[in-house]
Amino acid sequence: MAASIVVRRCQDWHRWTPSKLQTGYLRETFNMQLGSAAMYPLKKKEAKVWKRQLTCGISHMTKRALHATPLCFQEVMLTSERYEVQRLPFAHVSGQDLSFFERLMPGRVITDADELKPFNVDWLKTVRGCSKVLLKPRTTVEVSEVLRYCNERNLAVNPQGGNTGLVGGSVPVFDEIILSTALMNQIISFDSVSGILVCQAGCVLENLNQYLEQEDFIMPLDLAAKGSCHIGGNVATNAGGLRLLRYGSLRGTVLGLEAVLADGSILNCLASLRKDNTGYDLKQLFIGSEGTLGIVTAVSILCPRKPKAVNLAFLGCPSFSQVLRTFTTCKGMLGEILSAYEFMDNECMELVKRHLKLVNPVAESPFYVLIETSGSNSAHDEEKLSNFLEHVMATSLVADGTLASEDKKIKTLWGLRERITEALTCDGYVYKYDISLPVEKLYDLVTDMRARLGRSARSVVGYGHLGDGNLHLNITTESYSHSLQEAIEPYVYEWTSQYRGSISAEHGLGFKKKHYIHYSKPQEAVLLMQQFKAMLDPKGILNPYKTLPVKAE
């Protein structure tokens with residue numbers, strides 16, 4: 001059976017607490033009463049069988065549908081015009097250049113304006129370039145030939161994976177050549193003993209996870225954009241996501257990579273060793289470099305075993321302080337099986353209900369948390385989770401909740417958290433901020449911004465990876481407003497810096513945040529980064545206008 005916990009009345013406390021449900025007749029009866037024991041409510045008040053069905057389908061739960069969401073924006077304003085950027089003195093693509101590319105990769109040189117449109121605009125519909133050429137290499141050698149040629153001709157290149165970035169780093173600012181890794185989607189090898197996967201950079205994260213699940217493994221990272229994002233882009237941006245609490249960042253799980261430098265040189269550091277202490281760890285230069293130092297073409301990554309037992313609790317909390325106390329209790333009582341701890345405020349819930357027609361499975365609360373456990377022994381995990389839930393309800397840390405242990409229902413609950421970004425795009429123009437802060441200060445920034453902006457903003461919401469101290473602050477308005485942006489920036493970065501936080505926890509700096517790097521890094525560190533850039537890409541052709549301010553600034 002999928003579940004081993006039943007909600008029963010506890011007469012002396014006048015509430016509902018979880019207790020073990022033994023196998024046999026009792027469990028059968030419980031399944032008949034609730035329809036499925038895999039998802040059920042935990043309530044302090046009078047018990048009622050939860051009969052509401054979640055009306056949304058699962059088809060979009062596990063992926064971010066890049067072009068399916070009906071957005072009501074007019075054509076996106078050119079980045080160069082909105083932000084008054086001056087084009088650097090790169091060459092323009094000529095007919096001779098197109099002939100070279102066509103000889104190199106016949107049929108994979110795109111110049112049709114309609115086909116180029118989605119590659120020129122970011123997923124949020126906030127920045128737009130005007131590239132006239134899209135290249136689709138299949139091999140590292142082809143990438144090498146392209147960059148060698150472009151470096152000689154002084155042609156700027158914009159590397160692009162799944163184009164799911166949120167800071168304007170994945171689309172051109174002007175007419176840079178877009179180099180897409182979409183066709184570099186082959187799995188090179190997988191070692192089922194060590195759990196080491198080697199693959200090309202264009203493999204879609206969700207596809208990799210599906211492949212690994214057949215081998216009884218999983219990818220060490222999980223993102224809302226997993227249905228579209230590429231592993232090369234994940235590495236280039238050092239993406240975090242939902243599993244970082246359990247498996248750590250890509251700086252630890254990526255064992256090696258292959259990258260092509262600006263002059264076409266191929267750097268093969270595609271090691272498959274857990275230990276290699278020979279010289280400098282060069283792969284770390286490219287993890288999080290956002291395609292400005294080289295284009296990642298292949299990755300070697302350490303993958304954990306697929307958990308045999310997964311449970312997800314979706315709980316309502318009366319205040320953020322109780323969210324924090326629940327997290328502290330959670331770490332202490334769940335220990336090694338805790339794999340994710342996410343939070344969202346009620347404003348986020350209202351957005352996914354209004355725009356995506358999702359259903360809140362618990363009573364309305366100011367805050368909600370999602371707690372995922374992953375382990376190898378279902379009975380052991382269920383006992384720990386049962387004790388934890390009983391404790392947090394007895395101490396009034398949690399007011400209401402529901403549990404899921406079946407895969408379909410787990411995905412349904414995760415959808416409430418993963419589709420917040422999608423709901424925000426339906427609410428208007430989105431100002432997105434990806435902040436790291438001490439956890440006790442995490443929500444103070446949201447409260448402060450609501451007071452500061454008042455009615456000038458349509459929505460000010462907060463959610464994120466509380467287990468990692470990562471807040472996603474999002475502000476929406478009917479359309480882009482320069483005056484509103486000036487009210488937000490640099491105030492939001494000054495606030496973050498005041499508490500020694502980071503202005504970019506996992507999204508990167510891209511185009512939108514490069515001028516604010518000084519709020520998180522000292523001048524000496526920025527200077528050293530610029531020196532690395534000048535050494536590896538002296539002409540600056542790789543993803544220009546992104547990540548670092550130019551020295552003159």
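**Rings first, then a helix**

A search of the whole structure, which is a predicted model, turns up 22 aromatic pairs. Select Phe-320 and Phe-367 to start: the ring centres are 5.6 Å apart and the planes meet at 55°, so this pair counts as tilted. It links distant parts of the chain, with Phe-320 in helix H11 and Phe-367 in strand S15, 47 residues apart. Are these two buried or exposed? Phe-320 is buried at 10% relative accessible area, and Phe-367 is buried at 8%.

Hop along to Phe-327 and Tyr-341, another tilted aromatic pair, 4.8 Å centre to centre with 50° between the planes. Phe-327 belongs to helix H11 and Tyr-341 to strand S14, so the pair ties together parts 14 residues apart in sequence. Both residues are buried.

Next, select all of H11, residues 320–334. At 1.5 Å a residue, its 15 residues should span 21 Å, and the end C-alpha atoms are 20 Å apart, which agrees. Its buried residues include Val-323, Leu-324, Cys-330 and Leu-334. Show what covers the buried residues of H11 and you'll find, among others, strands S13, S14 and S15 plus helix H13.

Arg-305 lies over the face of Phe-217, 4.8 Å from the ring centre. Over at Tyr-491, the charged end of Arg-452 sits over the ring, 3.9 Å from its centre.

Methods: Residues numbered from 1 in each chain as written. Predicted model: local features only at pLDDT ≥ 70, side-chain atom pairs only at ≥ 80, totals over all residues. Heavy atoms only, no water. Helix = DSSP H or I, 4+ residues; strand = E, 2+ residues; numbered from the N terminus. Expected span 1.5 Å × (residues − 1). Buried < 20%, exposed > 50% of the residue type's maximum accessible area, 1.4 Å probe, protein only. Contact = heavy atoms within 4.5 Å. Phe/Tyr/Trp six-rings, centres within 6.5 Å; stacked < 30°, edge-to-face > 60°. Lys NZ or Arg CZ within 6 Å of the ring centre and 35° of its normal.
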